[in-house]
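Subject: Structure handover

Hello,

Here is the structure we talked about. Please open it next to this email and follow along.

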Amino acid sequence: MNVARPLTQVALLDYGAGNIRSAQRALEHVGAEVTVTTDPYVATEAAGLVVPGVGAFDACMRGLNRVDGGRVIGQRLAGSRPVLGICVGLQVMFERGVEHGVDTAGFGEWPGVVEKLDAPVLPHMGWNTVEMAKDSELFAGLDSDTRFYFVHSYGVREFPLVADEFIAYPKLSWATHGASRFLAAVENGPLCATQFHPEKSGDAGLHLLENWVGTLR
C-alpha cells in the first residue's frame, strides 16, 4: 500500500519583488505545502522560509524592510530554522549591494559585496554550470555538468574567510560569466541561497528544491 508523504509547510515571503507564483508551483511540485505571505508571524513560524528576489538590490531591501524581513530572517536563524534565498534573495544576505551608483546595506548575514559582473554581455541570462561545493546538500545527487538558469548582472565575486579553527566555513558553490567568478550558491547551516533560479531550472532545479525541502522538520 502506498503511503502519502506528509506535506511540509513552507512560507514564501511576498514583499513585492519576487518570482512568487513559479516558485510556489515548483515547491508544491516537490511536496511542500506553501503559504504565500506578508505576515511576519507566519514567515517566522513555518518549517521553512523562502525569500525570492527579482530586480534591483535597493528596491528588494526596501520591500523586505516593509514586511519586517530582517527581523524575521534573524529570528529564524537564531533558532536554527531554515531559510532559502533565491537570486536577489541571496544577494540581500550579504553586507552591501552597489548598483547603479547606489550603495545599499544588506542584512549582513555573510561578508561580502554585491557588485556588477565583469562580462562583455549583461545580464548573464541563460543556462550555466556550477562548481558545486564539496559535500553539498543542496546539489546532492546532481552531476557536475548540470546547468541552472541565471538572470542577473550583479553578484558576489569574493567571500572573505577568516582563519579561525572554531568557525564552520560555509559551503560555497561558484559559477563564471565573462571575466567574473561569482557565488552561485551558499550553504551555511540553516541559511542557504542560490543566485540562479531553481524554479526556472527544470528537473535540476526541482531536484535541488526537493533536497532543501527534505531537510525541513
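Leaving aside its neighbours within four places in sequence, which residues is Thr146 in contact with? They are Asn128, Thr129, Val130, Met132 and Ala204. Contact means heavy atoms within 4.5 Å.

Some ground rules come next. This is a predicted model, where local features need pLDDT of at least 70 and side-chain atom pairs count only at pLDDT 80 or more, while totals for chains, interfaces and linings use all residues. Residues are numbered from 1 along each chain as its sequence is written, and side-chain values use heavy atoms, with hydrogens and water left out.

**Thr146**

Thr146 sits in the loop between strand E8 (124-129) and strand E9 (147-152). Helices (H or I, at least four residues) and strands (E, at least two) are DSSP runs, numbered from the N terminus. Thr146 is buried, at 13% relative accessible area. Buried means under 20%, exposed over 50%, and partly exposed in between (1.4 Å probe, protein chains only). A polar atom of the Thr146 side chain lies 2.7 Å from the backbone oxygen of Asp143.

**Strands around E5**

Strand E5 (residues 94-99) pairs with strand E7 (residues 110-116) in the parallel sense, over three bridges. Two strands pair if DSSP finds at least two bridges between them. Arg96 has Val113 in E7 as its bridge partner. E5 also pairs with strand E6 (residues 102-105), in the antiparallel sense and over four bridges. Here Val98 has Asp103 in E6 as its bridge partner. The hairpin of E5 and E6 has two residues between the strands, and His100 takes a positive phi near 55 degrees.

**Aromatic pairs**

The whole structure holds eight aromatic pairs. Rings of Phe, Tyr and Trp (its six-membered ring) pair if their centres lie within 6.5 Å; planes under 30 degrees apart count as stacked, over 60 as edge-to-face and the rest as tilted. Phe94 and Phe159 have ring centres 6.0 Å apart and planes at 85 degrees, so this pair is edge-to-face. Phe94 is in strand E5, and Phe159 is in the loop between strand E10 (154-156) and strand E11 (171-177), 65 residues apart. Phe94 is buried at 0% relative accessibility, and Phe159 is buried at 11%.

Phe139 and Phe148 also form an edge-to-face pair, 5.6 Å centre to centre with 75 degrees between the planes. Phe139 and Phe148 are buried. Ring pairs link Phe139, Phe148, Phe150, Phe182 and Phe196 into a cluster.

**Salt bridges**

How many salt bridges does a search of the whole structure find? It finds five. A salt bridge is a side-chain nitrogen of Lys or Arg within 4 Å of a carboxyl oxygen of Asp or Glu.

- Arg81 and Glu45 form one, with the closest N and O atoms 3.8 Å apart. Arg81 lies in the loop between helix H4 (69-78) and strand E4 (83-86) and Glu45 in helix H2, so the pair ties together parts 36 residues apart in sequence. Arg81 is partly exposed at 26%, and Glu45 is partly exposed at 38%.
- Asp68 and Arg71 form another, with the closest N and O atoms 2.5 Å apart.
- Glu131 and Arg181 meet at 3.1 Å, N to O. Glu131 is in the loop between E8 and E9 and Arg181 in strand E12 (residues 180-188), 50 residues apart.

Best regards

Technical notes
A polar contact is a pair of N or O atoms within 3.5 Å; within protein, one must be able to donate a hydrogen and the other to accept it, and residues adjacent in sequence count only if both atoms are side-chain atoms.
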